[in-house]
Amino acid sequence: MSYLKGLLTSCLVLASVMSWAKAVPISIDKTKVKLPEETVKEPPQSVDTGLHYDRYLREVIDFLEKDQHFREKLHNTDMEDIKQGKLAKELDFVSHHVRTKLDELKRQEVSRLRTLIKAKQDIEGGNDIAVDHQALLKQFEHLNHMNPHTFEVEDLDRLIKSATKDLENYDKERHEEFKRYEMMKEHERREHLKTLDEEGRRKEEEHYEEMKKKHADHPKVNHPGSKDQLKEVWEEADGLDPEDFDPKTFFNLHDANGDGFFDEQELEALFTKELEKIYDPTNEEDDMVEMEEERLRMREHVMNEVDSNKDRLVSLDEFLVATKKKEFLEPDSWETLEQNQAYTDEEMREFEEQLARQEEDLNLKAADLQKQREDLERQQEQLNAQKVELQQAVEHMERLKTQKDPPPPEMQLEGNAVPESLGHDQPPVPPEHQPLPPGHQDIPLEQQQQHDAPQNQQDLGQEHQNIPQENQPLPPGHNSPPHDSPQMPLDHNYVP
């Protein structure tokens, strides 16, 4: 594995390849060597770093190492030169095939980032949240997004610097997360005590102190990276005689991928036996989150003592030099987490004040949401009332329309029939003044009178049906002339 891969992958928990066969010196009896469990149970696997550009980073490194010229430069370049970007200039000399593949990887990464940023903008814009454009641009810091088509020297330089910066902040962020975890755990314990009566609080405090004592009651923990600690691994994990302990052989046995370096995973695997002395997942008093923090502390301690060039890898030479130091032969005792509280009283006080402010803000938001809910319910009630009024108005209009509809056909009048109500209130119209029916205009008067007589008798009231026509009273102005006066034809167009 190259220096570059060690820089970008080891301390970010990048993919480190676990080899199936271990290099064992000829002087060691291989039948007595007990390989670590992870080397015989699982095939090589890649581990996600948690970086949003994790896959892009791993694929770029893998393809660069396939180029012979670039791989040789990696082994001959100082780590500081790599960090400063001098190695990136060697990109111009890689093969065309590798360069083409790097271009394709960059285009895929730019497309992925654009899709994610657009989705984030849509979500934040839909929720009326101000979009932080500077934060979005930071997503492109590991490449030159102004040129989305080809992978250039600047892209490799940016990738190395971004990974180096993230590497430097990685452990610090993990420690801060653990500190918040511990303070939250203590805060919840205190809040729980407030809910208990005096007797309940006393019992809870006694139980808490008992668990602390049980957790602290464990075998002695060896100083990480010391001779005693490594000899214990040699004996219990490797199955070898502690009297035959040899640092170089030990290094080769536990250099899991055979690249000549201890990376983060390989170092932390050496502390498993020490951690098992303190933590048991089946015990109530043991917190597995604290176990991982203890593992991190041990790894950082060894790195600070052994990694002389600060490349965050331990080479064989660095390891052998460290085994000759006094700290390796006669180390101080190791103080575990229960002896080193993760936070101070002042930090705890500030943390609880921050939680109180957050709770107050949440209560204000909850009250505002409740008010909005009540307003919406009132508006809904108003809408329901308006709906009822509208429905009543529609029903009223339908009733009015029904009243104004014409009577059924059997109730309608036919021909010249006079309604009874009108017959009692108004005098009947003389026959000679009524309009003639069609086809009767040219009929002589005598025939017309004979034709109309039966019809007029039908239209008169029931009490007048049997009165002869000549005996019927004439309307005013129509009295019969004297019998001795000459007969004159009637003029139907004459109006007195």
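In the predicted model, Thr-336 is located in the loop that lies between helix 16 (326-329) and helix 17. With a relative accessibility of 1%, Thr-336 is classed as buried, because this value falls under the 20% limit used for that class. The side chain of Thr-336 is joined to the side chain of Glu-338 by a polar contact of 2.6 Å. When residues up to four places away in sequence are not counted, Thr-336 touches His-218, Val-221, Ile-278, Glu-294 and Arg-297.

Two of these partners lead on to other parts of the chain. Over residues 242-277 the chain is 56% helix and 6% strand, with the end C-alpha atoms 19 Å apart, while over residues 294-329 the chain is 67% helix and 6% strand, and the end C-alpha atoms are separated by 22 Å.

Arg-297, the other partner, belongs to helix 14 and takes part in the contact of this helix with helix 8. Two packed helices are described by the angle between their axes and by the distance between those axes. For helix 8 (residues 153-194) and helix 14 (residues 288-306), the angle is about 145 degrees and the axes are 11 Å apart, and helix 8 passes helix 14 in a left-handed crossing. On the side of helix 8, the contact is made by Asp-171, Arg-174, His-175, Phe-178, Tyr-181, Glu-182 and Lys-185, whereas helix 14 contributes Val-289, Glu-290, Glu-292, Glu-293, Leu-296, Arg-297, Arg-299 and Glu-300. Sorted by class, the residues of this contact are four nonpolar, one polar and ten charged.

A further residue, Glu-347, lies in helix 17 (residues 345-403). Its relative accessibility is 25%, so Glu-347 counts as partly exposed. The side chain of Glu-347 makes a polar contact of 3.0 Å with the side chain of Lys-179, and, leaving aside neighbours within four places in sequence, Glu-347 is in contact with Lys-179, Met-183 and Ala-342. Although Glu-347 and Arg-180 are 167 residues apart along the chain, their C-alpha atoms are separated by 9.7 Å.

Taken over the whole protein, the model contains 19 helices and two strands, and buried residues account for 32% of the 496 residues. Among contacts between residues at least 6 apart in sequence, 70% join residues that are at least 24 apart.

Methods: Residues are numbered from 1 along each chain as its sequence is written. This is a predicted model: local features need pLDDT of at least 70, side-chain atom pairs count only at pLDDT 80 or more; totals for chains, interfaces and linings use all residues. Side-chain values use heavy atoms; hydrogens and water are left out. Axes are lines fitted to C-alpha atoms, for helices over the stretch in contact, and angles run from 0 to 180 degrees between N-to-C directions. Helices (H or I, at least four residues) and strands (E, at least two) are DSSP runs, numbered from the N terminus. A crossing is left-handed if the near helix is turned anticlockwise from the far one by less than a right angle, and right-handed if clockwise. Contact means heavy atoms within 4.5 Å. Ala, Val, Leu, Ile, Met, Phe, Trp, Tyr, Cys and Pro count as nonpolar, Asp, Glu, Lys and Arg as charged, and the others, Gly among them, as polar. Buried means under 20% relative accessible area, exposed over 50%, partly exposed in between (1.4 Å probe, protein chains only). A polar contact is a pair of N or O atoms within 3.5 Å; within protein, one must be able to donate a hydrogen and the other to accept it, and residues adjacent in sequence count only if both atoms are side-chain atoms.
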